[in-house]
Amino acid sequence: MDTLNFIVALGMAGAMAIMLARLFAGPTLYDRVLAANSFGTKTVLFLLVFSAIAGRQDAIDIALLYALINFVATIAILKFFRYRSLEIALAQMSLRRAVEGEFDE
Amino acid sequence: MSGADLTQFLDYTLIAMLLAVGFAIVRLRNLFAVVMLTGVYSLLSAAWFVSLDAVDVAFTEAAVGAGISTVLMLGAMLLTAREAEAPGRGRHLAAMLVVTVAGMALFFAIPDMPVYGAADSPANDYVGHSYLERTPNEIEIPNVVTAVLASYRGYDTFGEVVVIFTAALGVILLLGFNTGGARRREDEE
C-alpha cells in the first residue's frame, strides 16, 4: 500500500513540475493564473497522499487550508486584473456596472 | 521500505522544485509571473514544512506567504511597472560576491549545529524538556507549542499582538484605506 501511495505521490510531483513549466513559460497572464491555480490543487492532493504515506493525520488540515487559500488567492488575482483594484467588493462592482448599463454591450 | 524512507524522496522532489522556482524568480523579468511564483514558492515551502513535522510553521507560511503577501504584491505591482529592467553586469558581479561570502559563512557555521534529532541539542535541553513534561498536567492540551505561546509566555504574546495592532493602526491612519484612494481615482476620471 505504501509503495502504491508513493507512486501516486511521484505522479503528483510530476504533474506539479509540468504546471511549473507552464508557469515559467506561459505567454499570457491567464496561462499563468490557470497554472498557479492548478499547481495549488496538485499541492493539496500531494499533501493528502503524503499524509497517507507518513501516517500523519494533521497534514489533512493543512491540505484543507491550502484549498481555501488557493481559491481566495485566485479570485483576488482575477478581480485585480478585471478591475485594477482590490478595494471595492465584487457585488458592489457588478451592481455599479449594471446601473451604468455596461452589461448591455 | 518504510514510510519514513519514502517521504525522504518526496522531500528531495519538493526541494528540487523550490530550487527551480527560485531560479525562475531571479531570471524572469515579467513582474506578474514573479508574483505568481512567489506564491507558488511559499506553497511549496509550506508543503515541505509539513513533511518536516513543523505543522504550525506550515500553517503560518500558507496563510501569510501564499495568501496575504500575494495580494499585497499585486497591490504593490499596481503602483509600479509591469516589467523589471535588466540590471547591468557590474551589479551582477557585486551581488554574486556578497552571496558567495554569505554562503561561505553559512557553510562555515554548519559544523557547530547539533546533529538532527540529537538529545543534547539546545531545543531538547534546558527549559524545552520541562515544558514537554509539565504541559499535559498544568495546561491539559496536547499541543506544547500552543501551551508555550498562549499560557507560559502569554504576556509576551499579548505584548506582540499589541505591537502588531498598533503598527497596523498607524499604517491605516497614515494611508487612509477605503476613503482617500477610491475618491482620488474618481476625481481623476
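Let's start with one residue: B:Gly128 sits in helix α5 of chain B. Is B:Gly128 buried, exposed or partly exposed? It has 14 C-beta neighbours inside 10 Å, and therefore B:Gly128 counts as partly exposed. Please keep in mind that everything I show today comes from a predicted model.

Now look along the chain from there. B:Val148 is 20 residues away from B:Gly128 in sequence, yet their C-alpha atoms are separated by 9.7 Å. B:Val148 belongs to α6(B), where it takes part in the contact with α5(B). So let's look at that pair of helices.

How do α5(B) and α6(B) lie relative to each other? Helix α5 covers residues 126-138 of chain B and helix α6 covers residues 144-152, and their axes come within 10 Å and cross at roughly 85 degrees. An angle of 65 to 115 degrees counts as roughly perpendicular, and that is therefore how α5(B) and α6(B) are described. On the α5(B) side, the contact is made by B:Tyr131, B:Leu132 and B:Thr135. On the α6(B) side you will find B:Val144, B:Ala147, B:Val148 and B:Tyr152. By class, this contact has 6 nonpolar residues, 1 polar residue and no charged ones.

Let's step back to the whole of chain B. If you take the contacts in chain B between residues at least 6 apart in sequence, 46% of them join residues at least 24 apart.

Of the 105 residues in chain A, 30% are buried.

Now for the place where the two chains meet. The contact takes 34 residues from chain B and 36 residues from chain A. Which elements of chain B give two or more residues to the side that touches chain A? They are α1 (3-27), α2 (31-51), α3 (55-79) and α8 (180-188). The largest share on that side comes from α3(B), with 12 residues. By class, the chain B side has 24 nonpolar and 10 polar residues, and no charged ones.

There is also a nonpolar core to find on your screen. The largest one has 44 residues, and A:Leu23, A:Leu47 and B:Val40 touch the most other members. Two or more residues come from each of α1 (2-25), α2 (29-54) and α3 (58-83) of chain A, together with α1, α2 and α3 of chain B. The element that gives the most to this core is α2(B), with 12 residues.

Which residues is B:Val40 in contact with, leaving aside neighbours within four places in sequence? They are A:Leu23, A:Ala36, A:Phe39 and B:Val21.

Last, a word on confidence. Chain B averages a pLDDT of 81, and 88% of its residues score at least 70. For the complex, the predictor gives an ipTM of 0.78 and a pTM of 0.72.

Note on methods
Residues numbered from 1 in each chain as written. Chains lettered and ligands numbered in written order. Predicted model: local features only at pLDDT ≥ 70, side-chain atom pairs only at ≥ 80, totals over all residues. Contact = placed C-beta atoms within 7 Å. Helix = DSSP H or I, 4+ residues; strand = E, 2+ residues; numbered from the N terminus. Nonpolar A, V, L, I, M, F, W, Y, C, P; charged D, E, K, R; others polar. Core = buried A, V, L, I, M, F, W, Y, C linked by C-beta atoms within 7 Å. Buried ≥ 20, exposed ≤ 12 C-beta atoms within 10 Å, placed from the backbone. Axes fitted to C-alpha atoms, helices over the stretch in contact; angles between N-to-C directions. Parallel < 35°, antiparallel > 145°, perpendicular 65-115°, else oblique. pLDDT = per-residue confidence, 0-100.
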